[in-house]
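Work through the exercises below with the sequence and the coordinates at hand. Each task is followed by a solution in steps.

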Amino acid sequence: MKNLVEVKNIKKNYGKNEAVKDISFNIKEDEILGLLGPNGSGKTTTIGMLLGLLKPTSGEIFINGQKLEGNRIEILEQINFISPYIELPKKLTVKQNLTVYGKLYKINNINERIEFLSEKLRLKGLLNSITGELSSGQKNRVSLAKALINEPKVLLLDEPTASLDPEVGDFVRSFLEDYKKEKKISILLASHNMNEVTRLCKSILMMKDGIIIDEGNPEELINKHGRKNLEEVFLKLSRSKNELN
Amino acid sequence: MYGLFLRHFYLITRSFPRVLDLVYWPTIQITLWGFISNFFATHTTYYNNAVGVILTCAILYDFLFRTSIGFNMLFLEEIWSRNFTNLFIAPMKIGEILTSLVATALIRALIGLIPAVLLTSPLFGISILDLGIFLFFLFLSLYLFGITLGILVSAGLLRYGPSFENIAWSTMFLLAPFGCIYYPIEILPEVFQKIAYLLPLVYIFEEARNILINQAVDIQNIYYAFLWNGVYFVLSIILFYYSFNVAKNKGTLINMGE
């Protein structure tokens with residue numbers, strides 16, 4: 001499997017504050033990589049750099065073999081992002097929002113794409129609803145549809161199931177598993193939901209204070225740290241000093 | 001009570017645009033109305049033969065105001081709806097974002113302008129069309145300046161985040177005293193005149209008055225209006241790109257909070 005995402009020695013400083021300190025990782029095709037870490041560990045900064053919203057102080061990022069710096073537009077055509085902290089315009093209907101983003105991502109067959117995604121994400125009956133009037137679960141599925149409108153090769157997910165009830169959360173996780181399997185895409189999942197990460201991710205990066213303090217698959221990490229589950233591993237690493245294990 | 005006071009006090013002291021906002025509103029209002037009052041007190045017969053001049057200038061100024069605010073609104077809408085990040089991760093070049101905002105702002109301004117123009121004739125017996133073919137050049141010049149101001153404010157929003165919003169609403173008022181919208185430039189103190197001559201506005205409104213009052217056209221005024229518009233437009237584009245790069249370094253694009 002080839003690497004769709006290659007991150008090489010990226011650093012990000014805000015003045016004297018080192019938000020991300022020389023981290024490197026890859027995400028393979030058909031892989032979900034979990035990005036874990038306490039608040040302020042550098043997860044969002046890392047995602048921001050992968051999206052081209054933040055300029056790394058140093059280091060390089062390659063998406064599907066192309067260097068991000070200098071190829072931002074071509075790369076943005078191949079990636080997408082979902083976060084509970086960003087929303088779609090509330091006054092537009094679901095279909096209008098998806099059409100707008102279909103146009104922005106230069107999708108040729110927008111109606112077919114919307115039809116396909118609304119079928120898969122249980123949005124059929126909501127296409128003419130006002131986005132701002134939807135429930136959290138419905139909005140989340142609409143945001144997911146927007147994030148998939150361009151058939152991204154790389155999907156960046158920041159807390160994709162935060163504030164969702166267990167049923168909708170489970171639906172979204174199952175959908176992501178199936179979609180990744182079908183389309184062979186790479187997913188970077190930043191989450192504080194350890195069950196979600198254990199279920200979806202074969203590999204995990206643990207970040208703290210801007211560095212990767214540990215990595216591996218969930219089972220390996222649990223055994224290595226002698227804990228019962230990933231949540232306990234997370235707590236141990238979050239409370240420890242920054243020493244590479 | 002004190003807690004609520006502190007909440008706003010801390011917010012103001014943490015944000016330079018908010019402090020500036022508090023100071024310049026009264027200053028600008030007093031300055032603008034001071035010059036208008038001064039003009040009418042000393043030139044009581046100036047508009048005797050051209051009753052439509054003030055109204056025409058008001059419509060022209062409103063077009064400028066609508067264009068600039070319209071542009072800012074388009075940008076602010078994305079921040080208010082928390083859609084800003086989605087927009088900036090879409091595969092659009094900065095030039096494409098600006099072009100689409102410029103075109104949309106024109107449509108918004110025209111929607112506001114057309115009813116105003118149509119109403120002035122039946123209500124006041126005045127037609128802005130009296131400016132003739134040169135009306136097009138005056139509107140085009142105002143549109144360019146409105147867009148330029150919009151781009152400058154958007155650059156500020158990118159650079160400083162939503163706290164720059166108050167500046168967005170008041171840029172037009174900041175420039176109004178120097179624009180010589182309702183009075184000729186001679187009414188301004190000499191220092192202000194020098195500043196006013198660096199803005200395209202003074203040439204546009206001087207020319208509108210010249211056409212309506214003297215029934216003559218001074219091409220030089222239109223030329224200078226476009227010249228300064230060109231200079232400021234290019235500067236605004238450069239500043240927008242610069243602000244975008246600063247925002248990428250500072251993280252403003254992913255952190256559009258207070």
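A residue is buried if 20 or more other C-beta atoms lie within 10 Å of its own, and exposed if 12 or fewer do. The model used throughout is predicted.

**Exercise 1.** Determine which residues of α1(A) are buried, and locate the helix relative to the strands of chain A.

Solution. 
- Step 1. Apply the cut-off to α1, residues 43-50 of chain A. The buried residues are A:K43, A:T44, A:T45, A:T46, A:I47, A:G48, A:M49 and A:L50.
- Step 2. Since 8 of the 8 residues of α1(A) are buried, the helix is largely enclosed by the rest of the structure.
- Step 3. Look for strands in contact. α1(A) lies across β1 (3-14), β2 and β4 of chain A, and runs at about 60 degrees to β2(A).
- Step 4. Check the backbone just after α1(A): A:G52 has a positive phi of about 80 degrees.

**Exercise 2.** State the strand order of the sheet that contains β2(A) and β5(A), and find its edges.

Solution. 
- Step 1. The sheet is open and has 4 strands, in the order β2-β1-β4-β5 (chain A), with antiparallel pairing.
- Step 2. β2 (17-28) and β5 (66-67) of chain A each have a single partner strand, so one side of each lacks a neighbour in the sheet.
- Step 3. Follow β5(A) to its partner. β4 (residues 58-63) of chain A and β5(A) are joined by 2 bridges in the antiparallel sense; A:Q66 in β5(A) is the bridge partner of A:I63.

**Exercise 3.** Describe the packing of α6(B) against α10(B).

Solution. 
- Step 1. The axes of α6 (residues 134-160) and α10 (residues 219-250) of chain B come within 8 Å and cross at roughly 20 degrees.
- Step 2. Angles under 35 degrees count as roughly parallel, so α6(B) is roughly parallel to α10(B).
- Step 3. The crossing of α6(B) and α10(B) is left-handed.
- Step 4. Sorted by type, the residues of this contact are 19 nonpolar, 6 polar and 1 charged.

**Exercise 4.** Characterise the side of chain A that touches chain B.

Solution. 
- Step 1. Contacts link 19 residues of chain A with 16 residues of chain B.
- Step 2. On the chain A side, α1, α2 (72-76) and α3 (94-104) each supply at least two residues.
- Step 3. That side of chain A divides into 13 nonpolar, 2 polar and 4 charged residues.

**Exercise 5.** Is A:K106, a non-glycine residue with positive phi, buried or exposed?

Solution. 
- Step 1. A:K106 has a phi of about 55 degrees and sits in the loop between α3 and α4 (110-120) of chain A.
- Step 2. A:K106 has 12 C-beta neighbours inside 10 Å, so A:K106 counts as exposed.

Methods: Residues numbered from 1 in each chain as written. Chains lettered and ligands numbered in written order. Predicted model: local features only at pLDDT ≥ 70, side-chain atom pairs only at ≥ 80, totals over all residues. Axes fitted to C-alpha atoms, helices over the stretch in contact; angles between N-to-C directions. Parallel < 35°, antiparallel > 145°, perpendicular 65-115°, else oblique. Left-handed = near helix turned anticlockwise from the far one by under 90°. Nonpolar A, V, L, I, M, F, W, Y, C, P; charged D, E, K, R; others polar. Pairing = 2+ DSSP bridges. Contact = placed C-beta atoms within 7 Å.
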